[in-house]
Amino acid sequence: MKNIKLKMARAEHDLSQEELAKRVGVSRQTIGLIELGKYNPTLSLCKAICKALSKTLDELFWE
């Protein structure tokens with residue numbers, strides 16, 4: 001399942017996949033795969049992404 005919420009939050013902060021990836025310490029490909037729903041991130045990575053985007057886990061990763 002695609003993570004549209006993550007992509008939208010990243011766009012709200014005017015960040016590219018590369019920029020978000022650098023902030024959280026992963027590759028651009030990892031961010032792309034998470035957005036496509038082809039990679040299930042660890043909880044610690046989810047938390048790092050949420051912190052970088054000023055969002056909660058509920059807002060980005062749970063329905």
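Predicted model: local features only at pLDDT ≥ 70, side-chain atom pairs only at ≥ 80, totals over all residues.

Modeller: Residues are numbered from 1 along each chain as its sequence is written, and side-chain values use heavy atoms, with hydrogens and water left out.

Colleague: Why is Thr30 called buried?

Modeller: Buried means under 20% relative accessible area, exposed over 50%, and partly exposed in between, with a 1.4 Å probe and protein chains only. Thr30 has 17% relative accessibility and therefore counts as buried. Thr30 is found in helix α3, helices being DSSP runs of H or I with at least four residues, numbered from the N terminus. Not counting residues up to four places away in sequence, Thr30 touches Tyr39 and Leu45, where contact means heavy atoms within 4.5 Å.

Colleague: What makes Gly37 partly exposed?

Modeller: The relative accessibility of Gly37 is 34%, so Gly37 counts as partly exposed. Gly37 is found in the loop between α3 (28–36) and α4, and, leaving aside neighbours within four places in sequence, Gly37 is in contact with Met1 and Lys2.

Colleague: How do you know which residues bring α2 and α4 into contact?

Modeller: Leu20, Arg23 and Val24 in α2 meet Leu45, Ala48, Ile49, Ala52 and Leu53 in α4. By class, that contact has 7 nonpolar, no polar and 1 charged residues, given that Ala, Val, Leu, Ile, Met, Phe, Trp, Tyr, Cys and Pro count as nonpolar, Asp, Glu, Lys and Arg as charged, and the others, Gly among them, as polar.

Colleague: What makes the open space a pocket rather than a cavity?

Modeller: On a 1 Å grid over the protein atoms alone, a cavity is a set of points where a 1.4 Å probe fits but cannot get out, whereas a pocket is an open set with protein on both sides within 12 Å along at least five of seven lines; lining residues have an atom within 4 Å of a point. The largest pocket has a volume of about 370 Å³, and is lined by 17 residues, of which Met1, Lys2, Asn3, Leu60 and Phe61 lie nearest its centre. The residues of this lining divide into 10 nonpolar, 3 polar and 4 charged, and α1 (4–12), α4 and α5 (57–61) each supply at least two residues of the lining.

Terms used
Points joined across faces, edges and corners; volume = space filled by probe spheres on them.
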